[in-house]
Amino acid sequence: MKNRAMMMLGVSALVLCTGGVSAVLTQGGAAVAGAPSATKLAKQAAADAEAARKAIGDRAFGKAVRYAERAVAGAPDNGTYRALLGHAYLQSGRFASARDAFGDALTLMPNDGRSALSYALAQIATGDWVGARQTLESNAETIPVADRALATALAGDPAVAVEQLAVAARSPGADAKTRQNLALALALSGRWAEARAMAELDVAPNEVDARMIEWAKFARPTGAADQVSYLLGVTPVMDPGQPVSLALARPAPATPVVAAAEPAPAPAPAVEAAPQPAAEVAEVAAPVEAPRPTIVFAERKEVVQPLPVQAERVRPVRVAKVAKPVVKPVEVAATVAPVAPVATKPVVAKGNFYVQLGAFENAAVARDGWARAVRRYAGFVGQQPSGMAVKTAAGQFYRLSVGGYARNDAVAMCQGYRAAGGTCFVRQGAGDQVASWVKPTAVRQLASR
């Protein structure tokens, strides 16, 4: 375990639920200890929570689970207790239960970045990679980029992780953890030469080879829980699931008021929550393996929504002449509603702000990325892509962007692209030039519009 911890310096960002758990739980415990206990039940819940924290510190995770479950049962609306229970489950290798506990904790504490990161890790371990990426994206403001990006790589999108970490690694104050997380994300993307070059910045030369071997094993998991359990140093177990009695009670939707003149509809029969099926339990258990897909880390393959096919123009309807009145063909054609174009170039004000779409290995790869972006988001149709080569410690990248807009227009375009499923951010111009693959004639045509 000690050798592995030394080898995995680059993933220290995600060891939040082991080494960093004491700081998280101590902070939550201080808040609870300072609050007056109105009832004996509340006092007992606080005592159970303290006992669970001590058990986690002693690495007695089974005992921690029992105490944390009692604390949640005594104070079900306490988000700190539910996060404590999630950590106990996570350290016990019970990933499905941890996912449920952290989900309830986020319902009560929606701005808790630590619980959001742990929730995403539990989702990854149970095979819900799409849900994990959505969790990371929706909590981007509360999860540090070094943690969020590496978790994104573990959720099956190392290409986006590289883009995010490359920016973070070049920012002022970037530390070794950020650079090593970038190195690991590069390795998970299959870019081993760049990963090695980045790892060498913070690792002794005689340790680099061993780290590359360790990362090569890490990059080829055989099950959904392998990488998360390896990072946390735990073994997945047969998970019976969080007790149904501990599930957070969510308020029922309000019943709409029905007018007196209308008969009230018959109420739908109440449906009780069923216990978690055994199939889901088997999903996270190892070595009891249920059939599940193998994670294959590679460049992201986007599912692109094709642009709608442009409708054919409606031909004017010719009407035969009759006695009176005489309807001319032109008059009939004028009544036909015009066909709206599929996509029009948005009107944007000129400025010095750009929407950065990513950093790619070279201009040819960036060109493919631009083609995918245009297919994904119709607002890019007719826009002129920009690009430039940048050299970093990890190697040379070709940065793809689109812009030359006023700030508000750039922000609106990036938001539209994000709504279509893309990834981007807005920045000021930094020497952006017309992309190398754009022909001069096309540049002149765009400039004349």
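Which residues of α18 are buried?

Mentor: First, the ground rules. This is a predicted model: local features need pLDDT of at least 70, side-chain atom pairs count only at pLDDT 80 or more, and totals for chains, interfaces and linings use all residues. Residues are numbered from 1 along each chain as its sequence is written, and side-chain values use heavy atoms, with hydrogens and water left out.

Now the helix. In α18, the buried residues are A410, M413, C414 and Y417. Buried means under 20% relative accessible area, exposed means over 50%, and partly exposed lies in between (1.4 Å probe, protein chains only). Viewed along the axis of α18, these buried residues fall within an arc of 100°, so they line one face of the helix. The arc is taken over the directions from the helix axis to the C-beta atoms. The general rule is simple: an α-helix has 3.6 residues a turn, so residues three or four places apart point the same way. On the face of α18 turned away from the buried side sit the exposed residues N408, Q415 and A419.

Helix α18 covers residues 407-419, which is 13 residues. At 1.5 Å a residue it should span 18 Å, and its end C-alpha atoms are 18 Å apart, so the two agree. The expected span is 1.5 Å times one less than the number of residues. Helices (H or I, at least four residues) and strands (E, at least two) are DSSP runs, numbered from the N terminus.

What follows α18? G421 does, with a positive phi near 100°. Compare R59, where phi is near 65°, a positive value in a residue other than glycine. Most residues other than glycine have a negative phi. R59 lies in the loop between α3 (40-57) and α4 (61-74). R59 counts as exposed because its relative accessible area is 52%.

A search of the whole structure finds 1 disulfide (cysteine sulfur atoms within 2.5 Å). C414 and C424 form it, with their sulfur atoms 2.1 Å apart. The link is right-handed, with 110° about the S-S bond. It connects distant parts of the chain: C414 is in helix α18, while C424 is in the loop between α18 and β4 (425-428), 10 residues apart. Both ends are covered. C414 is buried because its relative accessible area is 5%. C424 is buried as well, because its value is 3%.

Next, the wider packing. A nonpolar core is a set of buried Ala, Val, Leu, Ile, Met, Phe, Trp, Tyr and Cys residues joined through side-chain atoms within 4.5 Å. The largest has 68 residues, and F95 and I124 touch the most other members. Helix α7 (residues 113-125) gives the most to this core, with 8 residues. A second, separate core has 22 residues, among them Y377, Y398, A435 and W437.

Finally, the whole chain. Its secondary structure comes to 19 helices and 5 strands. Of its 449 residues, 44% count as buried. Take contacts (heavy atoms within 4.5 Å) between residues at least 6 apart in sequence: 70% join residues at least 24 apart. The accessible surface comes to about 24000 Å², and 58% of that belongs to carbon and sulfur atoms. These areas come from the Shrake-Rupley method with a 1.4 Å probe; for residues, only the protein chains shown count as cover.
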